[in-house]
Amino acid sequence: MADFVHDLWFGAFLRPDAAGHHRIVRQAVLADELGLDVIGVQDHPYQPSFLDTWTLLSVLAARTERVRLFPDVANLPLRPPAVLARAAASLDILSGGRVELGLGAGAFWDGVAAMGGPRRDPGDAVEALEEAVAVLRALWTPGEGVRLDGRHYRLEGARPGPFPPHPIGLWIGAYKRRMLELTGRLGDGWVPSSGYAAPGELGAMTAILDAAAERAGRDPAGIRRVYNIEGRFSGAAGEGFLNGPPAVWAEQLTGLVRDHGMSVFVLAVDDDRDLKVFAEEVAPAVREAVARERGRTDRADRADQADQADGDAVAPADHPAAASRTTGTPAVLDEATRPRLPKRDPAALTPRQRAAGQRLVLIHDHLRRELTQVRDALEQVAAGRSDAAALRSLINELTMRQNYWTLGTFCASYCRLLTTHHTIEDEHMFPMLAAAQASLAPVVERLEQEHKVIAEVLTGLDAALVAMIEEPDRLDGVRAQVDRLSDVLLSHLRYEEEELVEPISRLGLDI
């Protein structure tokens with residue numbers, strides 16, 4: 001079974017005809033109201049009858065509330081990745097974390113060249129996409145100015161940011177071996193379309209992708225499978241794929257989840273009725289069928305592990321969760337219980353090797369500096385409040401209010417930055433370390449647990465800021481949360497550096 005047990009998402013693939021712009025917005029709003037999960041918009045900047053994809057996505061983000069949005073897929077030759085990184089992060093911020101990024105190496109080269117873009121052969125197109133992934137991730141990762149020297153894209157000290165509030169997935173459109181292998185090594189998602197990759201072809205493609213992921217030390221289950229689909233609703237089942245009543249669609253899509261790990265289905269749709277049938281009949285039926293199959297698997301697993309499950313039902317006294325309940329301090333931050341590895345002499349490493357580990361320290365130093373700025377901003381607010389109260393001036397009152405909002409914005413930005421850094425570690429760096437050196441697994445597991453604790457502290461800080469903005473006298477609550485964040489974060493960063501800087505350097509990992 002190839003079901004990777006991802007949440008199932010269903011969505012609409014909207015054709016960006018400029019003449020039909022009212023229809024596109026209406027259908028996007030309808031998709032949001034129907035509870036669909038994602039909207040994809042193709043990106044062909046050389047097509048004069050199409051709306052610009054990023055402009056359209058921005059309008060759709062403003063008109064919707066919960067549905068995810070992504071270019072399906074962005075035309076990389078005409079979208080410089082450094083600019084694309086800023087655009088995607090900006091829209092993710094403005095939409096409340098609802099953006100994913102589909103990427104394509106390029107096609108229709110006459111159209112690309114007509115717009116002044118490069119005409120790339122297949123090898124160069126794949127190489128350029130790999131460089132673009134490095135650019136995107138570098139500019140979404142906190143740290144100093146970035147320098148990358150590629151054949152197709154360069155960064156010469158570009159500063160990272162803005163940082164998306166959620167980890168934007170890089171979903172790569174791929175069909176042939178080199179692109180599938182690149183997706184397996186680097187992608188967060190794979191985006192084939194049924195018009196170019198029929199269901200019968202998915203097995204061979206999946207095998208290439210999964211093998212490449214495993215060679216790179218990645219779990220293939222971490223790669224989302226996003227399938228752009230076309231079909232026809234009819235009263236009776238016909239020949240071929242997605243040709244028949246909703247029950248036939250549900251059966252065929254359920255098979256793709258089970259057999260190929262597909263978990264996102266994006267339907268090319270022009271008709272409101274088809275959109276409703278897909279959202280109200282097909283999607284619930286697939287979810288129900290998949291849940292039944294997963295439930296049978298889960299019950300079998302639980303039966304095999306009944307003894308272990310019974311033992312885990314109540315946390316023993318030395319369990320981290322139990323310790324946190326009894327002491328009030330998260331046990332995962334207890335120095336006495338943190339896993340430690342024997343230390344190796346860093347003098348045995350070359351300067352080039354040591355530089356790899358020092359990149360982690362540089363990122364952490366940036367977080368430490370930002371934390372200091374949060375404290376400085378907090379004290380400035382405290383001083384501003386006293387001045388305003390003494391002078392009893394409307395101007396000073398307005399200045400004080402602006403100071404509160406500035407602090408809130410600053411802290412919110414810092415929380416996003418910190419969350420992004422931890423997500424990158426959890427999804428990329430930590431799995432690489434555990435795969436490269438098995439003895440690191442307990443340390444990695446503890447660090448992942450600490451990330452969850454820090455996430456809870458950030459949530460508490462955000463709540464305190466909201467309360468302070470509503471009632472300015474609650475500044476002390478924010479100060480207490482900042483103190484807690486400082487204690488937890490600085491302890492965590494120190495532990496991570498003590499245990500990981502040397503292995504990152506010695507193993508030559510690219511973080």
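Me: In which loop is Pro162 found?
Reply: The model is a predicted one. Pro162 is joined to Gly161 by a cis peptide bond, with omega about -5°. Its place is the loop between strand E7 (154-158) and E8.

Me: Which residue does a cis peptide bond join to Asp72?
Reply: Omega of this bond is about 0°. The residue concerned lies in the loop between strand E3 (68-71) and E4. The bond joins Asp72 to Val73.

Me: What is the volume of the second largest pocket, and which residues are the closest to its centre?
Reply: The second largest pocket has a volume of about 1300 Å³. A total of 39 residues line this pocket. The closest to its centre are Val73, Ala107, Phe108, Tyr175 and Tyr196.

Me: Which element supplies the largest share of the lining of the second largest pocket?
Reply: Elements that each supply at least two residues include strand E1 (9-14), strand E4 (74-75), helix H6 (177-186) and strand E10 (224-229). By type, the lining divides into 21 nonpolar, eleven polar and seven charged residues. The largest share is three residues, and it comes from H5.

Me: Against which elements do the buried residues of H6 pack?
Reply: Met179, Leu180, Glu181, Leu182, Thr183 and Gly184 of H6 are buried. The buried residues of H6 pack against H5, strand E8 (170-172), strand E9 (189-190) and helix H7 (199-215).

Me: Is H2 roughly parallel or roughly antiparallel to H3?
Reply: The axes of helix H2 (residues 53-63) and helix H3 (residues 81-95) come within 10 Å and cross at roughly 10°. Angles under 35 degrees count as roughly parallel, so the crossing falls in that class. H2 is therefore, relative to H3, roughly parallel.

Me: How many residues of the contact of H2 with H3 are nonpolar, polar and charged?
Reply: On the H2 side the contact is made by Trp54, Leu57, Ser58 and Ala61. H3 contributes Leu84, Ala87, Ala88, Leu91 and Ser95. The residues divide into seven nonpolar, two polar and no charged.

Me: Is Ala61 buried or exposed?
Reply: Ala61 is found in helix H2. Leaving aside residues up to four places away in sequence, Ala61 touches Leu69, Leu91, Ser95 and Arg98. Arg98 is 37 residues from Ala61 in sequence, with 8.1 Å between the C-alpha atoms. Because its relative accessible area is 9%, Ala61 is buried.

Me: Which residues does Thr53 touch, not counting residues up to four places away in sequence?
Reply: Thr53 is also found in helix H2. At 2% relative accessibility, Thr53 counts as buried. The residues touched are Val41, Gln42, Asp43, His44, Pro71 and Arg79.

Me: What separates the C-alpha atoms of Glu497 and His364?
Reply: Glu497 sits in helix H15 (residues 475-507) and counts as buried because its relative accessibility is 17%. Beyond four places in sequence, Glu497 touches Val361, His364 and Arg368. His364 is 133 residues from Glu497 along the chain, and the C-alpha separation is 8.7 Å.

Me: How does Ala355 count by relative accessibility, buried, partly exposed or exposed?
Reply: Ala355 has its place in helix H12 (residues 351-391). Between Ala355 and Gly508 there are 153 residues in sequence and 9.7 Å from C-alpha to C-alpha. With 38% relative accessibility, Ala355 counts as partly exposed.

Me: Is Val5 buried or exposed?
Reply: Val5 is in the segment before E1. Although not a glycine, Val5 has a positive phi of about 60°. Its relative accessibility is 54%, so Val5 counts as exposed.

Me: Is Leu242 buried or exposed?
Reply: Leu242 has a positive phi near 55° and is a residue other than glycine. The loop between strand E11 (232-233) and strand E12 (243-244) holds Leu242. At 0% relative accessibility, Leu242 counts as buried.

Me: What percentage of the residues in the protein chain are buried?
Reply: The protein chain has 15 helices and 13 strands. Of the contacts with a separation of 6 or more, 74% are between residues 24 or more positions apart. Among the 511 residues of the chain, the buried share is 49%.

Methods. Residues numbered from 1 in each chain as written. Predicted model: local features only at pLDDT ≥ 70, side-chain atom pairs only at ≥ 80, totals over all residues. Heavy atoms only, no water. Helix = DSSP H or I, 4+ residues; strand = E, 2+ residues; numbered from the N terminus. Buried < 20%, exposed > 50% of the residue type's maximum accessible area, 1.4 Å probe, protein only. Contact = heavy atoms within 4.5 Å. 1 Å grid on protein atoms, 1.4 Å probe; cavity = no way out; pocket = protein on both sides within 12 Å on 5 of 7 lines; lining within 4 Å. Points joined across faces, edges and corners; volume = space filled by probe spheres on them. Nonpolar A, V, L, I, M, F, W, Y, C, P; charged D, E, K, R; others polar. Axes fitted to C-alpha atoms, helices over the stretch in contact; angles between N-to-C directions. Parallel < 35°, antiparallel > 145°, perpendicular 65-115°, else oblique.
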